[in-house]
Amino acid sequence: MDTDEFSEYYAELLDGTYDCVDRIVINAYYPMLHNGGGFRLWWRLLTGSDKQLDNAHLMRMAGRFSRRLRHWAEHNQVPIVNCQPGERKHELAEQYLPRQDFVGIFLVIVAKSYAPVWNVKHFKNGNIDLKKKIAYVNHYFFHIIDPDWGHLTIKISGHPPFGAMVILNGHEWVERQAIKQGLEVGKEGNCFVSNVAAVGGIADTLNASHSIGRLSAVCDRWIYSCLCFALNLDDQKRSGFHYQYSVYQIEYSRNLLFQRGRDLERVYQRVIDLTRNSLDIRTIKTIFGWKHRSCHRQKQSKLTVEKPTYNLTVFKVHFGKLTLKMYDKGDRVLRIEAVAHNTKDLRCGKVITKFSNMVSSLKIMTIRFLNVLQYAHVSFLDQGALDDLPKPTCRGKNRVAGIDINNPRLRVVIEALMSLALKPDGFSVSDLSAKVHEMTGWNYGTRQAAYDLRKIKGKGFVEKQNTRRYLVSAQGFQTMCALIILQEKVLKPVIASMGKSRRGPKPKKTCALDTHYENLQNELRKTLVTLGIAA
């Protein structure tokens, strides 16, 4: 596992760390059925001719899916539940979880959702017009217990082209593999709280390239059994129906296991307080529980499954279809997640053979996120940094002006760069211009952004990623963060109230920062008197 600055900084407080692929959503599709000519050819292979290719027979196929499924479920005593819009299906499925040694389908949920269907129109001259449309139709969620992957879900449409989704959980696979190897793993919710070194080693094998075969195998093992309610095995073989797979969504998490819950609370709240303004994190969601985290380590049973009842605080940063997220999970786990809501935005391909590349991209995003968090809440200034800022730099034979931190425009540009530091693929000049406009409302064009960026790049704060995109360097982020904190959180608050005398009684409750400001102001007044300067 590649380390990050944040985990190394708090290593003394940790019991261990592990990385794991969490939620995986795989699209299953038969390409031939997604274009008119291919669908017509497939229908001929299935029925022998085009005579029965009409909307009535397509609807009958969907009705046959439902009738066969309900008959099978009644015969095998598998419950079928109709789910209303807005109901959380995974929470509903938890009520029907079978015994541990069960393997197979234990629940089917029926719910409506949008899916592509075919509309057939016949002309008098015998021609057929096939058009694909999006319709609100029944989908069937097969909840399955697999011997290797645990609880998985297959969502399939009852209408041709029978699009499907396979929803897996990497933590379930790791847990099953650990039990097979005879390891005792403590689990709280969806995270491991014991033997994390061994668990991390098993999780790394899931992230490797040879895990592609595991994903394809588990999909093939169950999806055709679900499809048989629409097409039996003979129909599938005769028509050549065969699913292909692509990864639609994927979550990658880094889990930090703290020795004590109170340390987790203190560290996490400090990170939130000191980074939310620097990184322009607008929304922080807190779900309040009723337990207080213990200052001592609690003994864990072999397997513990419970709903977290601690305060859950989540903050997210979105970049299109990509999300970076940090939240506290359970008693002692701090989880950092990189989520691809649509793997297209990762720009490394969507087919299942690119799975390891997707995981690598999300891992890089997670490490960079943690590094930026570390630089944001533990920043520093090198000796002489303030003196070197106003000095000009040279770019080739051209002389570039220095940075005046007292210039309001440059301060806003620096704050915008800090908020863009988390972008996975870097930022462009137009991104910087749009961010400054969003923060201030100024008419700040790309030419001004390019000029200011050239000055900041001359100080080494920004590195060029390619011809059009840039990345904020580690040292540059730390320096810029320290400059903004020094200007906005130290100099301005202390100097602004120097000439003001306190009126009224002293507040009963003050935070530590207010106490520091008051002490700084008192000492600064004495210093100014000694120097003969009137405050």
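**View 1. Leu 520 lies in helix H16, residues 512-531.** Helices (H or I, at least four residues) and strands (E, at least two) are DSSP runs, numbered from the N terminus. This is a predicted model, in which local features need pLDDT of at least 70 and side-chain atom pairs count only at pLDDT 80 or more, while totals for chains, interfaces and linings use all residues. Residues are numbered from 1 along each chain as its sequence is written, and side-chain values use heavy atoms, with hydrogens and water left out. Leu 520 counts as partly exposed because its relative accessibility is 43%; buried means under 20% relative accessible area, exposed over 50%, and partly exposed in between (1.4 Å probe, protein chains only).

**View 2. Leu 33 sits in the loop between strand S1 (14-29) and helix H2 (36-47).** Is this residue buried or exposed? With 0% relative accessibility, Leu 33 counts as buried. Setting aside neighbours within four places in sequence, Leu 33 is in contact with Phe 39, Trp 42, Trp 118, Pro 161, Phe 162 and Phe 241, where contact means heavy atoms within 4.5 Å. Leu 33 and Pro 160 are 127 residues apart in sequence, yet their C-alpha atoms are 7.6 Å apart in space.

**View 3. A cis peptide bond runs from Pro 160 to Pro 161.** Its omega is near 15°. Pro 161 belongs to the loop between strand S5 (150-157) and strand S6 (164-169), and Phe 162 has its place in the loop between S5 and S6 too. Look next at the backbone of Phe 162: its phi is near 55°, a positive value in a residue other than glycine. Phe 162 is buried, with a relative accessible area of 0%.

**View 4. Gln 77 has a positive phi, near 55°, in a residue other than glycine.** You will find Gln 77 in the loop between helix H3 (55-76) and strand S2 (80-82). Gln 77 is exposed, as its relative accessible area is 73%.

**View 5. Helix H9 takes in residues 261-275, 15 residues in total.** From first C-alpha to last it reaches 21 Å, close to the 21 Å expected at 1.5 Å a residue; the expected span is 1.5 Å times one less than the number of residues. Which residues of H9 are buried? They are Gly 261, Asp 263, Leu 264, Val 267, Tyr 268, Val 271, Ile 272 and Thr 275. Seen down the axis of H9, these buried residues fall within an arc of 155°, so they line one face of the helix. The arc is that of the directions from the helix axis to the C-beta atoms.
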